[in-house]
Amino acid sequence: MILIGYSGHGYVAAGILKAMGKPAVFYCDNEEKKIDPFKLIYLGNEACELAREKLKNENFFISIGENSIRKRIFDQLALRSFLPVNIIHPSAIIDETAATTKNGIMVAAGVCINPLVKIGNGVICNTGCIIEHECSIGDFCHVAPGAILCGNVTLGSNSFVGAGSVIKQGISIGKNVIIGAGSVVIKNVADNETVVGNPSRKI
C-alpha cells in the first residue's frame, strides 16, 4: 500500500490502514520527511519513475486533506488509469444501503453513515462525523471531525465542512463552499461562499 501525502492527514490514513490490517509500506511526497512515525519507505513524488512503477502494481490512497490538491492528484493519476482504493476504519458504521463504492474515500474512526447516503470520489469523512439518511456528498469534499449532516443534506463538490459544524436537515450546500468550525447552518449556501457562526452567516 502506498500513501500519496505523508503529514498530519497521512498519519490518520496510515492509522486507518493499520487498523484494517493493510498497513502502508511506501509513501510519495514532494520531499522525504524527517518525521516518519509509521516507518514507511520514500518513493519520491508520485510523478517520478520509481513511484509510477510502484503505482502500477500496488494499491494506493491519496492522503491529502486539502480538497483541491487531492483532486488534482486524483485526476492526474486517473489519466493513467490509476485509481485510489477506499479506506474505512473498522469502528465506522456504514449502513448497507449507503453508496460508498467510488474511489479514494476515507472513512475514519467513529464515523456513522446512515441509510441511502451517496458519497462521491475522494471524499473525506473524518473522525466521528455523522452523515444522516439520504445525504449526498459531492466529489472531493471534506467533512471534518465531529461534524453532523442531518438528513437530506446536499453537499456540492470540493466543499469543506469544519469540525463540530451542524447542517440542518434538507439544506443544500453549493460547490467550493467553506463552512467554518462550529457553525450551525440553517439556510442554503450558494457556490463559492464561506460561512461561519451560529446561525451561520456569509463572510
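This is a predicted model: local features need pLDDT of at least 70, side-chain atom pairs count only at pLDDT 80 or more; totals for chains, interfaces and linings use all residues.
Reader: What makes the pair of tyrosine 6 and tyrosine 27 tilted?

Author: By the rule used here, the count of aromatic pairs comes to four. For tyrosine 6 and tyrosine 27 the ring centres are 4.5 Å apart and the planes stand at 40°; since pairing asks for centres within 6.5 Å, and planes count as stacked under 30 degrees and as edge-to-face over 60, this pair is tilted. The pair also links distant parts of the chain, with tyrosine 6 in the loop between β1 (2-4) and α1 (8-20) and tyrosine 27 in strand β2 (residues 26-28), 21 residues apart.

Reader: How do you know whether tyrosine 6 and tyrosine 27 are buried or exposed?

Author: The relative accessible area is 0% for tyrosine 6 and 1% for tyrosine 27, and because buried means under 20%, tyrosine 6 is buried and tyrosine 27 is buried. Tyr6 and Tyr27 also belong, with Tyr11 and Tyr42, to one aromatic cluster.

Reader: Why is the pair of phenylalanine 74 and phenylalanine 140 called edge-to-face?

Author: The centres of the rings of phenylalanine 74 and phenylalanine 140 are 5.1 Å apart and their planes are at 75°; because the limit for centres is 6.5 Å and planes over 60 degrees apart count as edge-to-face, the pair takes that name. Phenylalanine 74 lies in helix α3 (residues 67-78), whereas phenylalanine 140 is in the loop between β12 (136-137) and β13 (142-143), so the pair ties together parts that are 66 residues apart in sequence. Both of these phenylalanines are buried.

Reader: How do you know that cysteine 28 and cysteine 129 are too far from the closest cysteine sulfur for a bond?

Author: The sulfur of cysteine 28 has its closest cysteine sulfur in cysteine 48, at 6.4 Å, and the sulfur of cysteine 129 has its closest in cysteine 125, at 5.0 Å. Because a disulfide needs two sulfur atoms within 2.5 Å, the distance is too far for a bond at cysteine 28 and also at cysteine 129, and the count of disulfides comes to zero. Cysteine 28 is buried, with a relative accessible area of 0%, and cysteine 129 also counts as buried, at 0% relative accessibility.

Reader: What makes the buried residues of α3 line one face of the helix?

Author: In α3, the buried residues are Asn67, Arg70, Ile73, Phe74 and Leu77. Seen down the axis of α3, they fall within an arc of 140°, so they line one face. As a general point, an α-helix has 3.6 residues a turn, so residues three or four places apart point the same way. The cover over the buried residues of α3 includes β1, α2 (49-57), β4 (60-62), β10 (124-125), β13 and β16 (160-161). The helix itself has 12 residues and reaches 16 Å from its first C-alpha to its last, close to the 16 Å expected at 1.5 Å a residue.

Reader: What makes β6 and β20 the edge strands?

Author: Six strands form an open sheet with parallel pairing, in the order β6-β8-β11-β14-β17-β20, and β6 (93-94) and β20 (184-185) each pair on one side only. Strand β17 (residues 166-167) runs parallel to β20 and is joined to it by two bridges, and isoleucine 167 stands opposite valine 185 in β20.

Reader: Which peptide bond is cis?

Author: The bond from asparagine 198 to proline 199 is cis, with omega near -5°, and proline 199 is found in the loop between β21 (194-196) and β22 (201-202).

Note on methods
Residues are numbered from 1 along each chain as its sequence is written. Side-chain values use heavy atoms; hydrogens and water are left out. Rings of Phe, Tyr and Trp (its six-membered ring) pair if their centres lie within 6.5 Å; planes under 30 degrees apart count as stacked, over 60 as edge-to-face and the rest as tilted. Helices (H or I, at least four residues) and strands (E, at least two) are DSSP runs, numbered from the N terminus. Buried means under 20% relative accessible area, exposed over 50%, partly exposed in between (1.4 Å probe, protein chains only). The expected span of a helix is 1.5 Å times one less than its number of residues. The arc is that of the directions from the helix axis to the C-beta atoms. Contact means heavy atoms within 4.5 Å. Two strands pair if DSSP finds at least two bridges between them.
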